[in-house]
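Please read them with the sequence and the structure open beside you.

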Amino acid sequence: MRHGNKLKCLFLAACFTYGIAAMREELPPYGLIKDAAEAIRAEREKEQEINAVMRNRSVFKKRDQGNIIRNARITQGDIGKMYEGLTLLCVGFDAAMLVDAEGVAVHRWQLPFSKAWPKPPHVPEPNPDVMTRFIDAEVYPNGDLLVIYHADSDTPYGYGMVKMDRYSKPIWRYERNAHHDMYVARSGAIYTLVHSYEEIETPRVPHFRSPMLADAIAVLTPDGKEQDVIPLTDAFYDTPYEAMLFSDLTEVDRKKHDYLHANSVMMLEEGMADKFPMFRPGWLLVSLRNIHTIAVIDPVTRKVQWAMRGIWKMQHDAQFLDNGNILLFDNVGYEPGGKKRSRVLEVEPVTQQVDWSYTGTRTESFYTDYHGGQQRLPNGNTLTVETGGGNKVMEVTPRGELVWRYIVRGRSDRTIENPINKAYRLSYSFFNKDFCDEMGCPKQHSTVFVPLEDLQPAAGGATPGQ
Amino acid sequence: MTRLLDRLFLAFMWLGLGFLMVLAGAWMVYDKWGIVRAYDVVSVFFSDLAKEKDGLSNAQIRPAQTHILHAESMAPGDTLITRADDTLTLLDAQGAILHTWHKRFYDVWPTEGVQAPPSKSFYHFREAHLYPNGDVVALYHDLDSGNGVGLVRLDKESNLLWGLRGPVHNGLAARGDKLYVLRETPVTQEQAETLQYGKPPETTDELLVLSARDGKVKDVISLLEAFAGTPFEQLLYSHGNGKRKYINAVSIQLLPEELAAEFPQFAPDCLLISFRNLHSIAVLDLLSGKIVWAMRSLWARQDTAVFGDEGTIWVFDNRGYFDGGKKDRPRLVQVNVADHTLRGTWLPQVGVAVGAQNSGDLRRLPGGNLLVSLTQFGKVQEITPKGEVVWEHVRDEPVHSAVRVPPGYLPEGF
């Protein structure tokens with residue numbers, strides 16, 4: 001080989017080796033190459049997922065004619081132990097409904113994202129409607145509905161908030177990437193979570209890379225006007241809880257630069273505050289999935305006043321309870337026998353004692369690694385939503401006895417099924433008379449019993465302190 | 001002119017080709033191609049070569065260095081350290097050796113089939129307690145597996161007083177004639193059923209209460225059952241538990257009498273235990289044999305936990321800290337016992353690793369300072385509660401534990 005050719009080969013080999021070294025040792029242009037590679041990969045994955053969903057969605061439509069109620073199965077243990085009322089379900093892609101105890105839909109809202117926002121200013125290239133869904137909803141007594149849209153396989157996945165009337169006609173829209181959860185305070189103010197990719201340098205947290213999927217709490221007036229936005233990463237700075245930011249993440253979340261992944265927000269109301277002497281009325285409880293932390297933020301100082309990590313992992317839906325405890329959905333923290341399960345935990349925030357938990361029945365546990373949630377009902381029962389896996393809603397007594405179950409059958413791989421994203425029980429008295437009359441409720445129920453064994457709590461499942 | 005342009009284009013072409021090759025190399029790393037391992041092997045080879053040049057290879061261990069950084073803030077006394085061998089060393093503040101205790105495991109238990117170095121296994125002292133008369137109680141660990149293998153009491157001349165052979169391991173506390181130590185024990189069938197394991201974990205831990213005089217076992221408390229029926233039982237079923245060592249208790253500390261008033265929620269006879277594989281710390285009431293307080297927080301696979309001042313507990317966090325790099329940087333975490341809140345954290349300056357064992361030890365000193373052993377980095381540091389380093393002892397070998405011996409504790413002329 002000629003000397004010149006040897007040099008050329010050596011040059012190319014050196015360049016090749018430098019390429020490896022650049023990625024291994026984070027030498028220039030590491031950042032540029034990594035960002036470009038991740039962007040290409042994300043784009044390819046999104047395209048593949050959209051194609052798969054479109055294919056499967058057309059099959060699904062042919063098979064079920066879009067009637068999601070047909071797949072529902074209701075089992076009732078003892079209707080006398082249920083908390084009476086209607087259950088608001090966010091189910092499917094762009095629908096919410098109220099179902100009675102027998103699972104019959106008495107009212108339904110439906111508003112595809114493309115109809116709510118023909119040209120959304122906050123989402124330049126939105127997903128097709130089959131890849132957006134109602135992730136959370138709040139119903140008003142007159143039948144108005146607040147909903148948050150989520151996108152599958154797109155980041156930022158929060159697609160915004162819409163208030164619609166009982167006939168699904170939009171009233172106002174909040175054109176920001178609202179996501180996951182909302183809380184409507186007694187004053188009418190609305191608290192929600194927003195996120196967006198931002199070019200933020202965070203020298204105090206060096207592994208938070210820019211552009212970061214920055215989470216914040218947004219405070220809205222009852223008519224949807226933005227009043228305040230509280231950035232969540234900044235809220236940790238200069239507090240004893242700043243160390244909570246230094247936690248390991250899954251590879252997927254690291255790639256998305258999704259470092260906190262806030263997924264629930266709730267305000268401490270005046271009447272409940274005396275049960276939480278360490279907090280003040282108006283403070284906000286948030287759940288931050290990717291750092292396995294729940295935190296309380298003072299919206300005035302905009303700082304974290306309290307935060308806790310515990311036995312839970314990738315949790316959702318943290319809520320203040322009126323007995324001074326905190327209730328949350330622990331997605332992947334429960335590992336009996338090394339198997340991943342989900343559970344609902346009621347934790348004393350001061351002592352970290354688990355005062356109550358629910359892990360399923362003897363024959364049926366539940367597990368979802370995404371979403372999920374629960375609601376403590378006025379009679380002490382707990383309504384639990386398993387979004388993935390069994391795709392069901394369960395109502396259990398304080399002793400862990402299953403008294404009501406609503407299952408949407410079908411595949412539940414989050415892309416082609418009718419996922420149950422959220423569920424809330426509301427008493428009949430909550431609704432205005434004219435809306436109630438329109439729905440034709442309440443009515444008498446027939447009782448369907450299922451084998452007793454199926455309804456008993458699992459060992460270690462739901463006794464206090466278990 | 002044409003020739004110049006040709007050369008220019010040629011240069012651009014080669015630069016372009018070079019850039020494409022850089023991209024190709026980078027893509028192989030990003031896409032996790034096997035060939036990248038070759039780069040790692042070569043990289044490790046050169047890194048080892050550089051270490052040897054710096055005199056950091058095992059063959060060229062430098063003498064230990066001791067630095068007094070703020071003498072006025074130090075807790076007075078000498079320091080007893082355990083290293084990666086079967087010698088206990090008592091050092092003064094300048095690092096001078098005052099006394100050593102030496103006992104080879106295979107001299108204590110000659111029929112155990114354990115061979116002297118250079119055999120594969122090497123049993124060393126992991127942790128020790130010094131009595132005022134110069135006697136020591138010391139735990140042997142296997143350097144390879146990390147498992148505890150025995151406990152001995154030696155007099156000041158290193159003569160054997162008694163020995164307890166078995167899987168007793170890190171975690172040693174003494175008060176009066178009682179000695180508390182942890183022992184690894186197989187998970188029973190009944191326990192396995194309770195834990196709902198298809199394939200049960202191999203071992204759990206129990207607490208032994210021994211007579212310090214003769215090493216006889218006075219009492220045994222099952223730590224797994226200590227959780228049963230308490231509001232902290234869910235800790236047993238939570239993520240990250242050990243598949244082999246289910247709970248892996250790694251440190252115990254009795255509530256110091258001088259701190260008892262700061263922990264009114266606990267009885268005087270209670271023990272703070274760190275459960276490494278539960279990622280939790282807990283307080284065991286010795287009278288009832290039940291867990292009365294527990295906490296899980298931002299730490300992971302933590303080592304020692306100790307009672308601190310103002311109703312706090314300090315935790316040596318092994319694997320909880322993450323800043324985007326390798327997860328091998330330890331930190332100290334301070335929590336308030338009364339309300340389970342976080343008081344603060346401290347990141348030690350670790351330096352160069354001299355061993356593979358990702359572990360450490362922590363002791364509270366009179367006055368509130370902390371004595372921190374950074375095993376992997378061969379360092380012992382005394383820090384103030386605000387995190388200021390006031391004394392440091394650095395070795396080119398792992399240091400497993402360090403205990404400060406106050407002035408006047410040992411007899412005159414020891």
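1. A residue is called buried when its relative accessible area is under 20%, exposed when that area is over 50%, and partly exposed in between, with a 1.4 Å probe and protein chains only. On this scale Arg213(B) is exposed, with a relative accessible area of 63%, whereas Asp214(B), at 28%, is partly exposed. The side chains of these two residues, Asp214(B) and Arg213(B), form a salt bridge with an N to O distance of 3.9 Å; the term stands for a side-chain nitrogen of Lys or Arg within 4 Å of a carboxyl oxygen of Asp or Glu.

2. On the basis of the work: this is a predicted model, in which local features need pLDDT of at least 70 and side-chain atom pairs count only at pLDDT 80 or more, while totals for chains, interfaces and linings use all residues. Residues are numbered from 1 along each chain as its sequence is written, chains are lettered from A and ligands numbered from 1 in the order in which they are written, and side-chain values use heavy atoms, with hydrogens and water left out.

3. Chain A has 466 residues, of which 61% count as buried, and its secondary structure comes to seven helices and 25 strands; helices (H or I, at least four residues) and strands (E, at least two) are DSSP runs numbered from the N terminus. Taking contact as heavy atoms within 4.5 Å, 58% of the contacts in chain A between residues at least 6 apart in sequence join residues at least 24 apart.

4. How many residues of each chain take part in the contact between chain B and chain A? There are 53 from chain B and 55 from chain A, and the area buried between the two chains, meaning the accessible area (1.4 Å probe) that two parts lose on being put together, summed over both, is about 4,800 Å², with 61% from carbon and sulfur atoms. On the chain B side, Tyr30(B), Gln234(B) and Phe322(B) lose the most area to chain A, together 16% of what that side buries.

5. Between chain B and chain A the count of salt bridges is zero, although the structure holds 36 of them over all chains. One of these joins the side chains of Arg166(A) and Glu438(A) at 2.6 Å, N to O. Because Arg166(A) lies in the loop between strand 7 (158–164) and strand 8 (170–174) of chain A and Glu438(A) in helix 7 (residues 433–439) of chain A, the pair ties together parts that are 272 residues apart in sequence. Arg166(A) counts as buried at 12% relative accessibility, and Glu438(A) as partly exposed at 41%.

6. In chain B, the side chains of Glu310(B) and Arg343(B) meet in a salt bridge of 3.0 Å, N to O. Glu310(B) lies in the loop between strand 17 (305–307) and strand 18 (312–317) of chain B and Arg343(B) in strand 20 of chain B, so this pair ties together parts 33 residues apart in sequence. Glu310(B) counts as exposed at 57% relative accessibility, and Arg343(B) as partly exposed at 32%. Separately, Arg83(B), Asp85(B), Arg395(B) and Glu397(B) are linked in a network of salt bridges.
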